[in-house]
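Have the selection tool ready, and follow the stops below in order.

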Amino acid sequence: MARAANGAGQMIARLFRTAPLTCTFLIVFWTVGALTGAVGEMSDGLLDRTGFGTGSPWWTVLTSALWSVDLLGYLGTTALLLVAGTLAEREFGVLRTAAIFLVSHVAGSFLGLGFVLIGQNLHWGWLESLVGEVAVGPSIGGVGLVLALTFRMPPLWRRRVRLLTILSVLVLTLYSGWLEDVLRLSGGVAGMLIGALFLRNAAVRPARSLQETRVLVALLIAASALGPVVSMMSPYPNGPLWWFADAVAVTQPLQEDVDAMCSADGVVELCRTMVVQLSYGRFPALVMSLLPALLLLVLAEGLRRGRRFAWRTALVFNLAFAAFIGSYVVYVAQFPDATLLELSVSFGVPMLAPLAIIVVLLLTRRHFDVRLPRHAVVKFWRFTAVSVTLLSALYVFGGYLVRDEFTPEPGFGALLADLPTRFLPPGYLGLVPLRFSAEGFVGTLLFEYTGVVFWLIVLAGLLMASWRTWPSSCEESAARARELMRRHGGSSLSYMTTWRGNQYWFTPDGENAIAYRVVATIALTVGDPIGPARVDAVRGFAEFCAHNGWTPCLYSVGAETRAAVEGLGWSAVQVAEDTMIELDKLSFTGKKWQDVRTALNKAAKAGITAEWCTYADAPYAITDQIRSISAEWVADKGLPEMGFTLGGLEELAGDGVRCLLAIDADRTVHGITSWLPVYSDGEVVGWTLDFMRRRSHGFRGSMEFLIASAAQELQAEGARFLSLSGAPLARLDRGERPRALQRVLDFTGQVLEPVYGFRSLFAFKAKFQPTYQPMFMAYPDSAALPRIANAVSRAYLPHLNARQGLRLASKMIIRTRDRVTTHGRTR
């Protein structure tokens, strides 16, 4: 606990040094709110005295920045200023950050107030309702600070942050529509003007890349989905488009409205529709009402991945949506009860929004050309058809069995006729006639959840289609990669590129290859690129990944590749340490080799010899023992065997792989190691240790004996070096101050030590006096690090089930607790 408290204190101190203005302001902000009781909920009297509005004194534009209306406002504003303020102080300094924030807040407040007064003069009902209202909150200047800061961001983040921020405040203004929403929007406008006039860089802006265009279009689609949700979730929507939620995501009607409608004459069908809408439970009504928004969010993810099916579906959806809104506008126009300006904004914007999205989709059509394989499309539609058939049969036949739980009691034909309405959101039920409602438990379950289950299945299928990859590499590609590996050689891990599960990408000339596997949209490579032009290969592979909607990650690459990709703007972190034994001058003499000589001498006394074999040609009596030893080792761990850069039994049978066994006079196998060839100019120049297993009750020095024997015999054969391979999450301390991500990996290695023993393995390899070569993970986008970490863990543990995952998590938690407790006692 003491260590944790000390770490938190150091983090706060570091934050104060980095952003003193932001931290000081937030302390004042929360202190003033706590002392005046505004943190829970601001009183009307305090709001009137300190808030800024049309009838407020001019100085309230300053006092309004010291309060927020409720706890949610305090938390949201704090998060906004912690991010924006810290980055701004690092970029601009304290004084310029304060000036930008203050000018954005003051200018934005007066600009928004002027907009309200103009709307009042034009008799715009929405803006007239804001006259006399007051607003508080420093988020006005915070939004301006964010948009001003974008002028100093890299182009990629500049476009993303601008689009996301502008769309967010615009959606809040149009759908929520209270004075603070308007002032936030005008504060953002003020921040953009400040950035354009005083902060613009003279550097040439690069053109948008393929991936960036996809991200921007996806953000646009996602923002169009969130507007009705904001209106529906807001307790008191006031924006010009507040009615839009009724057309897209209708909430349940009020009981008094239902009673009033059902007491009127001649509206039996409308009464029944409202009764059905009212009867929907909270969860199914929420899911079904949010269905259009959920669909657009899923399509946005597909567009971010460049999927053609997502582009087509989004185009059809927006065309249908524009037609639906158009028909609604034509209906409303028959009852003009507002000004022309109000009608134009309130009904013109919803009509133009999907049309604008359609134009954007058509203009960017060529960026979304990643097609699903035909078998994947057929599988999706078959699964969808089976789902709707089974759910329909369940509703019709199940409903008939419990027909007494419906009012009025339906027959088989009535249930069949009502089936289409089960797949519609509650707000759309007025489009078709409704004949009954459900009352009993089973009837209500069938009535409300049939559509929920179906649409959740469809949305999950679309989401998986956006994420999933379909391997396209064939044996011919694998053979080409093996031939390049033999011809050009590579690092000590180059042979692992030939393992099953890898796919291959080649440069246009076919002279360079990269082996990779896609895990959760992360394209993980295995070792260094193969071939003479590594930088060109990485650049081409990155473009290939961007085209397919993946994020590339070069895993276990050497220092040369790391230096090359850092020139492309990539980041890198050490993930392992390769241990190399140079064989030209190797001799087991001197005190430092004492443990190795002891193992050789004890093996000789015990009658244990080292024998080479190939696993595929070994006798059954030998392979059976090897499988038994491996199974015993896995069972002792209680967790599945790792993969990716760690071979298992399947990799023992690879072409050119040699196994060295420790066997006694009774032909009992005490230990086994496998060695992967390392090529250069078509010849084997070295070997890499991969598979290591020993019998639990066998000769204790089996591994030292086998590695030493391999070194002696391969040295005699003319090999230049042995690699004992890299130990994941272990590294040599070179006296450098590690970065934050490196410290996280070091801590992860410590936590996993009792489970997989990476550091013990690293210490074991030190017995052979190796030279150390760091191995790195290189990646182009730091924002993808959480997904990269997830992909790497899934690549190493592809067969981890839920029970084993819980066991691994519990061991990690216990290890972390014990480590913190030990450090606390020590301190």
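Select Tyr395 and show its side chain. This is a predicted model.

Now widen the view. Tyr395 belongs to the largest nonpolar core, a set of 47 residues. Which helices each supply at least two residues of the core?

- H11, residues 210–233
- H16, residues 291–304
- H17, residues 308–333
- H18, residues 340–363
- H19, residues 374–401
- H21, residues 441–467

Next, pick Phe506, Val526, Leu676 and Ala784. They are among the members of a second, separate core, which has 39 residues.

Go back to helix H11 and select Leu210, which lies in it. Is Leu210 buried, partly exposed or exposed? Its relative accessible area is 25%, so Leu210 counts as partly exposed. Show its partners too: Leu210 touches His367, Ala546 and His547, again not counting residues up to four places away in sequence. Take His367 from that group. Along the chain, Leu210 and His367 are 157 residues apart, yet 6.3 Å separates their C-alpha atoms.

Move on to a helix pair. Select H8, residues 139–149, and H10, residues 179–199. Their axes come within 7 Å and cross at roughly 35°. The crossing of H8 and H10 is right-handed. Show side chains where they meet. H8 brings Ser139, Ile140, Val143, Gly144, Leu147 and Ala148. From H10 come Leu183, Arg184, Gly187, Gly188, Gly191, Met192, Gly195 and Leu199. Sorted by class, the contact of H8 with H10 has 7 nonpolar, 6 polar and 1 charged residues.

Last stop: the cysteines. How many disulfides does the structure hold? The count is 0. Select Cys659 and Cys613 to look at one case. The closest cysteine sulfur to that of Cys659 is in Cys613, 4.9 Å away. A disulfide needs the sulfur atoms within 2.5 Å, so this pair is too far apart for a bond. Cys659 is buried, because its relative accessibility is 0%. Finish on Cys23. Its relative accessible area is 7%, so Cys23 is buried too.

Key: Residues numbered from 1 in each chain as written. Predicted model: local features only at pLDDT ≥ 70, side-chain atom pairs only at ≥ 80, totals over all residues. Heavy atoms only, no water. Core = buried A, V, L, I, M, F, W, Y, C linked by side-chain atoms within 4.5 Å. Buried < 20%, exposed > 50% of the residue type's maximum accessible area, 1.4 Å probe, protein only. Helix = DSSP H or I, 4+ residues; strand = E, 2+ residues; numbered from the N terminus. Axes fitted to C-alpha atoms, helices over the stretch in contact; angles between N-to-C directions. Left-handed = near helix turned anticlockwise from the far one by under 90°. Contact = heavy atoms within 4.5 Å. Nonpolar A, V, L, I, M, F, W, Y, C, P; charged D, E, K, R; others polar.
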